[in-house]
Amino acid sequence: MSLKPLLVTSFFGCVAIYAVISGLYWKHATVQEQNRPHLEHAETQEAWFKSLQDAQAGLPVSSALAHPMNLAVLVQRPPGVLGQFGYSREDLYPSAGTINGFSNEALIFRRYELEAPTALMHGRLDLTFVVVVLLPLVLCVLNYDHIARDRERGSLRVLLVQGVRPITLLWSRVFYCSLPSLIVLLLASIVGTLAAGKLNWETCLSLVWWCSGIALYWMLWVTLCALIAACSRNSLSAALSSVTVWIGLVVVLPALLQFTVSNIAASPSKVQLMAVARAAEADALGTLDQREEAFIAQHATELPQSVENFSDYYRRAYLSNASVNERVGTLLDQYQDELSADLRLLNAIQFVSPSTAAFRMLQAISGSGFERAETFQNQARRFFREYFQEIGVATLQQRRLTLAEARSIADFSFREPLAIATLSSSVAGMCVFVLVFTLVTNLTALRMEGTPD
Amino acid sequence: MQTVILEVAKKELLTYVGDRRFLILCVLAIAITIAAGLGSWQQISHAHTIRSDAERTDKTTWLEQGEANPHDAAHFGRYALRPVPPLGAFDSGVFDFAGATVWMEAHFQNPPANRAAETKLLSYPFATVTPAWVLAVIVPLALVTLLFGSIALERETGSLRVLVAQNASAWQLLLGKGVAAIVIALLLAVAMVAIALLPVFGYRSLDIEFPRALALVAAFLLGYSSIAGVVLLVSSCATSGYKSFWTATILWILMAFCVPLAGAQIAQDAHPTPRARSFASAIQQEAQAPFWLGSAQYEEVALYEAEVLTKHRAVDRTSLDLNRDALVLQAHERFANRVYDRLYGDLYDQHIKQEEVLRMASALSPVLALQRISRGICGTDTHTQVLFAKSAEEHRRKIVEQLNEDMMYHAGDQSFGYAANRSLWETIDDFDYETPSLSQVLHYYRFEIATLLAWLVLAGSLACAVLGRQFRGKLE
Amino acid sequence: MADGIAALQAIDVSKSFADVPALVGISLSVEPGEVLCLLGPNGAGKTTLISVFLGFLQPDSGSSLIFGVDSVIDPVEARKRVSYVPERVALYPQLSAIQNVEFFNSFGPDRGKTGYFQQCLLDVGLQEHHHNQKTKTFSKGMSQKVGLAIALAKQSEVIFLDEPLTGLDPGAAAEFVSRIHWLQESGTAILVATHDLFHVSSMANRIGLLRSGRLLDLVEATELGAYELEKLYLERMSQPS
């Protein structure tokens, strides 16, 4: 291998290793953070269950302790199976939420948003970035003038006369120069997975998917670089074409796609949600008596008939939050429907930008990005709705939950989404690109046999 | 001599006009700017409407909360809503990545929350298309394609030898080419800033400050001149056209993408922000528990009581009929505020330190320096965000104190049974925040401005020196 | 025009690139109104000598003088009295012939007017209807004429021509040679680097044979016919170095 490919590939390898190491560090820190005891609640879940057990054993326990409204559940989104490879903006999305009887749907994920905005805007250097943005650049730098330099020197004619087939010359040079970068990435991925912790079937399967995804994207760029190399007349035009293609596909097209999506599918404003929740909260306080009657009417069979029993603090808080949830929930459901439609639109139009498709594919495989974070929030909200219903009945009946009821309510675990639609549309799009580029490159190379210049 | 420079500039301009690549890039850049301008304006206008609605809702909710205990009202709280800067449509900067609201409640300081970026469907790296992005990232690329061959291709084709034989001097050539590039850059900057700000006429609710728009043009002109200087330097040093092109393009990639990303990476590694849960625990353990469960309350309340009595020249609490509960609540505010000053002070210090790292990084990249100045002028930078957060906190302290004092002086023995009404709620000021003035912004970003100037002077004089040396016997 | 000293003078000029000698102790002079052709194969050092005269290259030893001004010590002053037409005349393709001549002559103290530049173009034989055409459409011969017009417009006393006839068809070459004679008659000293044996006798007053950086012979063109020159050239080039 000559000096240029060696230097470029080595530098690329160093960046990939750095990205993997910093991803591993992030994953470790996130897991540690999620395992920390949650100190901001007066009554932790452990203490709550202890009080409930004591109460059921007949020991004297204050009525404020182990009250259904105080059953705090921490819902958490753990880092993805290969989350260390796609952690760039993971800190932007809520990864934990606190649920208790005093929460409402707008407040579940309220947290201290401490990250510096500049840091969030720039994101972090993760392996997904290295693959999607840097790999194409490296391939362009390594492959742009495989044929042009021979054309320029006139040696292409000599090579053809000597019996070399342009198609063989082109592909052998392209693969020879490009293969090391793929090997570097695959090795970095394998090492990054092994170093992250214990291997299981799920991790191994994700790793296979991840490596296949990288290989597909690599193949796409290899065929594209071969096409540029085959078509360019001289080194300068080859360089210009490579840079134009890189900027067009990796920078401008994804940017325009993102711009289009964000304008066509305007995402709901969190400020608007906050304002709705605020207005609902104020209304709920003002119309509490009516809410109370409405709730009693809906749950007539489950509640004691005496209305006087409900005039306590917990009941008021519960009813107030029920009212807020109803209004916020409607807005969130509406948002959810819009989001599903937007995602369908994105899956349909992402073909125009292979880098966006690859970016979303790698995020889906590694377990990171907006869609996974959104799935988590939906699961948490659904969980909250069931939870709220369950504790509502007990709160209004002025009784404690049974241990079995409490255990079944307090159990939340995040189910990894299967982003089949995203994956299939991304993979299909890239396969089409690979096939088209290969075909055109081969045709160009074949034509070169007749007209080398 | 001036005429020579103008002749060179004229010839360059004629060449640019005939350069298809450059023309295509310009047309593309202008088309993207128009689309970006319209899209950004729509988004900013939407954000502005939502903010106004939310502000109205908050005020109505506050005023119409009915009769309530003042301290309960302090818990009910108010929201400080970040103003939407009109020039955010030109450069959204960190706007979407920064919290838009601060909840101002009793006992707790909150950081800004509700970041718009959380709800964006796609988060592709470095891809927020705004007019500023086109101007700061794509136009420098146009300058690269325009200027990479200005010396290198002349050398390659041999025309440089003839020019030297015709007695052209290095600085005349460079200055002439530089002037041409700057004329193009100025035209582009003015045209594109104007295009980007054009939709303002469709959104009359957002007023653009004319001096800020002018400052933007000036900043971009300075930035482009520096970048043109760098490309001319590369072109002077490179031995062939394609080497010059690769070097200039790689430099552009470094300046536009790698330096900002690496700077942000180093900033986050060197000055990490605390994790939310650890921060919440720290608040619980340092601002809440020691006062409500520990021994800090006694001393703090005594101190505050003494201060109040001194202020009113009273001997004891009973003579003023002060409510003890309210006294304790306000004493806690004073106690907690000291903790918040430390915890949030450290937090915002980290933010500013991260900014400082990026500021240092901008010394390596005129593109980053230009982006930082642009964000500052548009009021969408981290500095403005931190000032907003601090201003909201000041306001929170003021309104909580006002409400607690009302309870302290008027509740008497009723304590939490005491209720105030709309007349008290009306005395609470609305949150009002002015973004830093243009002169403050320019002062804050003086390093970046100096950086751009330094790049211009350094690159220009180095290019002159290199080319001059070549003209004196090192042309081959 | 002549001020008593040689227009061009090389005194024991030597230059090597990474230990490979390109010029070895070259000494020659060209008087005003004289055409000196340096004849030699590729790599003989012809272009290197022109580069040294123009101050593009610093010789390892010796000096190169243009009207007594050392082009190493004061290249700017030395270049004031010279023009240069390279082998591949590099014109700006987006500019017309007249714009090219105007631009290349915008660096001197006395810049001419458009009419003057047009006359220069006419003098070198470029027809008027080509003057405002963009040079990207020009043939090699037409470009060469524009190159010569650029040199002519400077009104310099010395012109360097580097392989001026390469790539020209016989008609164009003959026309170009006649233009050189016309310049020579006006008192201009001309140094031509060429390997064109066919035209060199008709073009030059004196011929210098160059091989591997050494000036082997310096002969009067009138002394040799075309056949003798070819014989001498082949004989010199086949000698062991």
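This is a predicted model: local features need pLDDT of at least 70, side-chain atom pairs count only at pLDDT 80 or more; totals for chains, interfaces and linings use all residues.
On the chain B side, the elements giving two or more residues include helix H2 (20–63), strand E1 (78–81), strand E2 (101–104) and helix H13 (324–362). Helix H9 of chain B gives the most to this side, with 15 residues. Sorted by class, the side of chain B that touches chain A has 48 nonpolar, 27 polar and 11 charged residues.

How much area does this interface bury? The size of an interface is often given as the accessible area lost when the parts come together. Between chain B and chain A the buried area is about 7,900 Å², and carbon and sulfur atoms give 66% of it. In chain B, the residues that lose the most area to chain A are B:Leu121, B:Tyr124 and B:Arg277, which together make up 12% of what that side buries. There are two pairs of chains in contact, and chains A and B share the most contacts.

The other interface joins chain B to chain C, where 27 residues of chain B are in contact with 29 residues of chain C. About 2,600 Å² is buried there, with 60% coming from carbon and sulfur atoms. On the chain B side, B:Arg161, B:Gln166 and B:Asn167 lose the most area to chain C, together 24% of what that side buries. Between chain B and chain C the salt bridge count is zero, while three residue pairs are in polar contact (both at pLDDT 80 or more). Helices H1 (2–17), H5 (149–157), H6 (159–165) and H7 (170–197) of chain B each supply at least two residues to the side facing chain C. That side has 11 nonpolar, nine polar and seven charged residues. As for chain A and chain C, they do not touch, and their nearest C-alpha atoms are 17 Å apart.

Then there are the cores. The largest nonpolar core has 250 residues, and those with the most contacts inside it are A:Val130, A:Trp210, A:Trp246, B:Phe90, B:Trp252 and C:Phe160. Helix H8 (residues 201–231) of chain A brings the largest share of this core, 16 residues. Beyond its neighbours within four places in sequence, C:Phe160 is in contact with residues including C:Leu8, C:Phe53, C:Tyr84 and C:Leu191. Another core, of 36 residues, lies apart from the largest one, with B:Trp62, B:Phe291, B:Met407 and B:Ala420 among its members.

Conventions: Residues are numbered from 1 along each chain as its sequence is written. Chains are lettered from A and ligands numbered from 1 in the order in which they are written. Side-chain values use heavy atoms; hydrogens and water are left out. Contact means heavy atoms within 4.5 Å. Buried area is the accessible area (1.4 Å probe) that two parts lose on being put together, summed over both. A salt bridge is a side-chain nitrogen of Lys or Arg within 4 Å of a carboxyl oxygen of Asp or Glu. A polar contact is a pair of N or O atoms within 3.5 Å; within protein, one must be able to donate a hydrogen and the other to accept it, and residues adjacent in sequence count only if both atoms are side-chain atoms. Helices (H or I, at least four residues) and strands (E, at least two) are DSSP runs, numbered from the N terminus. Ala, Val, Leu, Ile, Met, Phe, Trp, Tyr, Cys and Pro count as nonpolar, Asp, Glu, Lys and Arg as charged, and the others, Gly among them, as polar. A nonpolar core is a set of buried Ala, Val, Leu, Ile, Met, Phe, Trp, Tyr and Cys residues joined through side-chain atoms within 4.5 Å. Buried means under 20% relative accessible area, exposed over 50%, partly exposed in between (1.4 Å probe, protein chains only).
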